[in-house]
Amino acid sequence: MQVLQIKPMESVSVDQDRLGALYSQLGAASAEDVVCRALEELALRMSHCESLFREAHWEELRKNTRSLIAIADQIGMCALSNVACDVTTCIDQGNGVAIAATLSRLMRVGDRSLTAVWDIQDITI
């Protein structure tokens, strides 16, 4: 018997125009500080989402996920923001299986989005 292991790969998108506008408005040093703080906050909140899910704290999970949307939008992480919206929709519908699936997708997209923004910063610095 063979077991097939599926490794989903999520495509991510970073709005480089939004990042560029942030750098234009704030200057390179300030924009880099904002982006770095946003990335740290996103990583913390994503980790917190997993804990809240395991503990079935749905209201807090929804609140935490909504904050992910705002932060992701600020630095142009379109895919992350969209998936976080999907998670909140599943929470609102009370569908535990859908919450688990979309939250798992959020983690995959979030990890890849964080890497994508770091890669863009490495290129622009």
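**Whole chain**

Begin with the charges: the mean positions of the 11 positive and 17 negative charges of the protein are 5 Å apart. Lys and Arg count as positive, Asp and Glu as negative, and His and the chain ends are left out. Each charge is placed at NZ of Lys, CZ of Arg, CG of Asp or CD of Glu.

This is a predicted model, in which local features need pLDDT of at least 70 and side-chain atom pairs count only at pLDDT 80 or more, while totals for chains, interfaces and linings use all residues. Residues are numbered from 1 along each chain as its sequence is written, and side-chain values use heavy atoms, without hydrogens and water.

Show the cartoon. The protein has five helices and zero strands, in the order α-α-α-α-α along the sequence. Helices (H or I, at least four residues) and strands (E, at least two) are DSSP runs, numbered from the N terminus. The C-alpha atoms fill a box of roughly 50 × 40 × 20 Å along the principal axes.

Switch to the surface. The accessible surface is about 7400 Å², with 52% of it belonging to carbon and sulfur atoms; the area comes from the Shrake-Rupley method with a 1.4 Å probe, and for residues only the protein chains shown count as cover. Of the 125 residues, 39% count as buried. Buried means under 20% relative accessible area, exposed over 50%, and partly exposed in between (1.4 Å probe, protein chains only).

Select residues 16-26, which are helix 1, and find Ala21 within it. Ala21 is partly exposed, at 35% relative accessible area.

Helix 2 covers residues 28-54, and its 27 residues reach 39 Å from first C-alpha to last, close to the 39 Å expected. The expected span is 1.5 Å times one less than the number of residues. Just after this helix, Ala56 takes a positive phi of about 55°.

Phe53 is partly exposed at 25%, and Trp58 is partly exposed at 34%.

Gly76, just after the helix, has a positive phi of about 80°.

Next select residues 78-93, helix 4, where 16 residues reach 23 Å, close to the 22 Å expected. Val83, Val87 and Cys90 are among its buried residues. Just after helix 4, Gly94 takes a positive phi of about 70°.

Which residues does Thr102 touch? First find Thr102 in helix 5, residues 96-124. Thr102 touches Val83, Asp86, Val87 and Cys90, not counting residues up to four places away in sequence; a contact means heavy atoms within 4.5 Å. Thr102 is buried, because its relative accessible area is 16%.
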